[in-house]
Amino acid sequence: MGDSSLETTVRCERGFRDKPTLHSLPAEVIERVLLFSDPRDISRYAQTCSFARKLVYDPEDQFLWRELYLGRPFDDLRKAVPVPAPHPGIGLPLDPATPHAVAGDDAPAGLHWRLELQRRTEAEIIAASGDGDAALLHRAFSTFLAAVDTALPVTDLNIDAPGPDGTDSPVGSAPDPSPSENLRWLERVLRQTRVLDRPVQPPLTGASPAPLAPKRELRPMKGRDTRVDADAAADALVAEAHQLRCRLRAAVALAHETDASAEGRARMAELRRASRCFVYDMRRYAPGTLWGPYRVVPTPGKPRRTLVVNWEHVEHIMNVVALKLRDIPHSCLGFYHKPLFTLEALRPNSAVGAAGRPVHDWAGVTGKWRRFVCFMDYRYVLLNRLTHVPPARGPHHPSFFDAPFDEALRPVELHLALIPEREYFADASQIPHVLPLHPPAADGAHGAFPTLYFEGRSHGPHASVATIRGNVGTLADGAVRWQFVTTYDGRMQWSAEGVQVGHACSAAGIAGIWTGAHHERDDPAGPFWMVKVDDELPEGILNSLH
């Protein structure tokens, strides 16, 4: 009896040891099983034992993370079109774990699949949390913008180029009508969480995404107030998180503002007043910012300051022009009674005619454009300046823009073509009078985004034909900058500074500021927005974007 019992126990123990478990399966099969799990559950599984951790975080290849990423689904990173990279060391508190663009990253092969999936999972959690901490929002907003940068292009011209992980890039030369999964995800997150309406608050202690300094630099220096340094760093982080939020809001361009209720209309009216106060404040236009929607940031270790985009300014430009276009009767601009455009307009090569542009025209300059120019009735300004003069500092009082205030809108048609650099500089009288930019050239990615020079003609519904001359390049933060002048009868009359919204050569177009070409004391200034249109459209038809 006892022997029989012992034999049964031994047999049971042997059977337990011999019983198949998950880890008795081949690693390839386990990876296939994990593909049916949420990435957060896979992270928990990796904490169960050393085998699981090695399988998840130190695999022999990147099959698991690539398939998890693509299965969410997100756009294939191997199809991403590179974007201009920011200059190193321009003083922006960027998250070191947030590469500006995954495409072309020199990280170990395949590392970006896991990194991007983890970042996007974290960003979605932050957006849904309701937290306004600047450090958290900075990471989330950076991730959202990276999703835009790596969105599936509408067309891909580099069909023979290998992917960033050394494998063949699975792309084709024909237009891809598939929607971007990156932008579909971003649309859902932004609409559901309304995270772009959330105010940015100072970060909690230790929550900054800025990299830690070496230990010797962490020790308090004699006579140095570390509390002041911490406060300054927190303020800088709040400011940059705010800039990222404004960049996203400019990209959305009121597409999410479809509430026709009394409350929704009141919110739009308040937004319009605030944006007009910002855009029509003439004190914002000065030589230091090239009379455009820019700001200057310090260059660490150097006395000079560097020009980058002021995305808050760009957001207000988009608001003013977009809301004015919504006022236009349906018979003239019916397209604008709908959201201006969806996030799909941010995709690379989504501009009209992008597939047929010259190979070296990375910005999509060549072709026909529609430019919508807004300007105030300055007679109204002069009549009311005694009672509405703004204070020495601060914007106009919102009541300045109450009825009967209104701005005019003029549609302008442009026909542009690239010209050689030597031809652009051949006539100094047709070059804008602006200060040089610092630094003069971008980093290693600059070779893919050389400065383009163009000329052409423009005309409005009631104006004579003018000539256009300008250039497109990149700023220190990687933004695409447009600069051009309008000349009538041989004399420069107007200049413009604009910024590409979305990816280069995207349908989202250019938002910017126009002003007098010679920048005299009382020159006016105002916002404009221009987009690419079909070259086959009849001349003078100014009633839609596409």
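This is a predicted model: local features need pLDDT of at least 70, side-chain atom pairs count only at pLDDT 80 or more; totals for chains, interfaces and linings use all residues.

Visitor: Where is C505 found?
Guide: C505 is in the loop between β8 (491-500) and β9 (510-516). Residues are numbered from 1 along each chain as its sequence is written, and side-chain values use heavy atoms, with hydrogens and water left out.

Visitor: Why is C505 called buried?
Guide: Buried means under 20% relative accessible area, exposed means over 50%, and partly exposed lies in between (1.4 Å probe, protein chains only). C505 has a relative accessible area of 1%, so C505 is buried. C505 also has a positive phi of about 65°, although it is not a glycine.

Visitor: Is C49 buried, partly exposed or exposed, and why?
Guide: C49 has 28% relative accessibility, so C49 counts as partly exposed.

Visitor: How many disulfides are there?
Guide: A disulfide is a pair of cysteine sulfur atoms within 2.5 Å. By this rule the count is 0.

Visitor: Which residues does A354 touch?
Guide: Contact means heavy atoms within 4.5 Å. Leaving aside residues up to four places away in sequence, A354 touches N349 and C505. A354 is in the loop between α13 (330-333) and β3 (367-376). A354 has 3% relative accessibility, so A354 counts as buried. From A354 to G367 the sequence separation is 13 residues, and the C-alpha to C-alpha distance is 9.4 Å.

Visitor: What is said of the phi of L290, and where is L290 found?
Guide: Phi of L290 is near 55°, a positive value in a residue other than glycine. L290 is in the loop between α11 (262-279) and β1 (294-298). At 4% relative accessibility, L290 counts as buried.

Visitor: What makes a set of residues a nonpolar core?
Guide: The members are buried Ala, Val, Leu, Ile, Met, Phe, Trp, Tyr and Cys residues, joined through side-chain atoms within 4.5 Å. The largest such core has 86 residues, and F144, V314 and M318 have the most contacts inside it. A second, separate core has 22 residues, including V412, L414, I468 and M530.

Visitor: Which residues does M318 touch?
Guide: Not counting residues up to four places away in sequence, M318 touches A250, A253, F341, V501, A511 and W529.

Visitor: What joins the side chains of E407 and Y280?
Guide: A polar contact of 3.1 Å joins the side chains of E407 and Y280. The term means a pair of N or O atoms within 3.5 Å; within protein, one must be able to donate a hydrogen and the other to accept it, and residues adjacent in sequence count only if both atoms are side-chain atoms. E407 is in strand β4 (residues 407-419). E407 has 2% relative accessibility, so E407 counts as buried. Residues that E407 touches, not counting those up to four places away in sequence, include R272, R276 and K324.

Visitor: How many aromatic pairs are there, and what makes a pair?
Guide: The structure holds 14 aromatic pairs. Rings of Phe, Tyr and Trp (its six-membered ring) pair if their centres lie within 6.5 Å; planes under 30 degrees apart count as stacked, over 60 as edge-to-face and the rest as tilted.

Visitor: Is the pair of Y424 and Y453 stacked, tilted or edge-to-face, and why?
Guide: The ring centres of Y424 and Y453 are 4.8 Å apart and the planes are at 40°, so the pair is tilted. Y424 is in helix α15 (residues 421-424) and Y453 in strand β5 (residues 452-459), so the pair ties together parts that are 29 residues apart in sequence. Both Y424 and Y453 are buried.

Visitor: Which kind of pair do F484 and F528 make, and why?
Guide: The rings of F484 and F528 have centres 6.1 Å apart and planes at 65°, so the pair is edge-to-face. F484 lies in strand β7 (residues 480-488) and F528 in strand β10 (residues 525-533), so the pair ties together parts that are 44 residues apart in sequence.

Visitor: What lies over the face of F528?
Guide: R371 does, at 4.4 Å from the ring centre. A charge sits over a ring if NZ of Lys or CZ of Arg is within 6 Å of the ring centre and within 35 degrees of the ring normal. The charged end of R120 likewise sits over the ring of F74, 4.7 Å from its centre.

How values were computed:
Helices (H or I, at least four residues) and strands (E, at least two) are DSSP runs, numbered from the N terminus.
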